[in-house]
Amino acid sequence: MAEELSAATSYTEDDFYCPVCQEVLKTPVRTAACQHVFCRKCFLTAMRESGIHCPLCRGNVTRRERACPERALDLENIMRKFSGSCRCCAKQIKFYRMRHHYKSCKKYQDEYGVSSIIPNFQISQDSVGNSSSGHPTFKCPLCQESNFTRQRLLDHCNSNHLFQIVPVTCPICVSLPWGDPSQITRNFVSHLNQRHQFDYGEFVNLQLDEETQYQTAVEESFQVNI
């Protein structure tokens, strides 16, 4: 017990949050070279987008790690034993249960608009436009400027509306099949940075048949190019 307490004191609460999705870690994995920790799904998604670099520091990641990252079991064990504060209601929750708490926390839902759990659905484009590249485009609800891709909307709002807090409906959330057009997000820019750092399609593809994809990735990582 003394060893566990000593290990826990070496972490701060921020260490239990993924730098990609900004949520409490889910199935944390750690890079070998730089020792940075991510949710496994976030890490695999980032690897598909960035290739061979750590999503946080751009350090090199081996081919084997890219397909089969090492679980951060020490951190998982600490998250099961110690609590942190919900970022919205300040209730003390065991870290490994925090995502479940967000599903029922009214203050969290009011602040960020959608659940931190991503359902197994495909993206609907009924309420969005399409750019020439085929990606959906969105209108900024704060200034009504249109034709933004997800990333451009994120950049635009961080550059132009960072301190503007106006209740609006998130156009990205509405475009998804579980989106509720009556759902109001109080702090839209914060919501974008928390919920939409990556395209939902990337996360959904990883979510679908997760174990089969995971096993396929492991097998591919050991293939030898002749």
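Me: How many bridges join strand E1 to E2?

Reply: This is a predicted model, so local features need pLDDT of at least 70, side-chain atom pairs count only at pLDDT 80 or more, and totals for chains, interfaces and linings use all residues. Residues are numbered from 1 along each chain as its sequence is written, and side-chain values use heavy atoms, with hydrogens and water left out. Strands are DSSP runs of E with at least two residues, helices are runs of H or I with at least four, and both are numbered from the N terminus. E1 covers residues 28-30 and runs antiparallel to E2. Pairing takes at least two DSSP bridges, and the number joining E1 to E2 is three.

Me: Which residue in E2 stands opposite Pro28?

Reply: E1 spans residues 28-30. E2 spans 37-39. The residue opposite Pro28 is Cys39.

Me: Which strands stand at the edges of the sheet?

Reply: The sheet is open, has three strands and is antiparallel, in the order E2-E1-E3. Each edge strand has a single partner, so one side of each is left without a neighbour in the sheet. The edge strands are E2 (37-39) and E3 (70-71).

Me: At what angle does H4 run to E1?

Reply: H4 lies across E1, E2 and E3. Axes are lines fitted to C-alpha atoms, for helices over the stretch in contact (heavy atoms within 4.5 Å). Angles run from 0 to 180 degrees between N-to-C directions. For H4 and E1 the value is about 145°.

Me: Within what arc do the buried residues of H4 fall?

Reply: In H4 (residues 73-81), Leu75, Glu76, Ile78 and Met79 are buried, meaning under 20% relative accessible area with a 1.4 Å probe, protein chains only. An α-helix has 3.6 residues a turn, so residues three or four places apart point the same way. The arc is taken from the directions from the helix axis to the C-beta atoms. The buried residues of H4 line one face, so the arc holding them is 165°.

Me: Thr31 is in a loop; is it buried or exposed?

Reply: Thr31 is found between E1 and E2. Beyond its neighbours within four places in sequence, it contacts His36, Phe38, Phe43, Val61 and Glu65. Val61 is 30 residues away in sequence, yet the C-alpha atoms are 7.0 Å apart. With a relative accessible area of 2%, Thr31 is buried.

Me: What is the phi of Gln35?

Reply: Gln35 is found in the loop between E1 and E2. Gln35 is partly exposed at 46% relative accessible area, a class that runs between the buried limit and exposed, over 50%. Gln35 is not a glycine, although its phi is positive, at about 65°.

Me: And what is the phi of Gln144?

Reply: Gln144 is found in the loop between E7 (136-137) and H7 (150-160). At 47% relative accessibility, Gln144 is partly exposed. Gln144 is not a glycine either. Its positive phi is about 70°.
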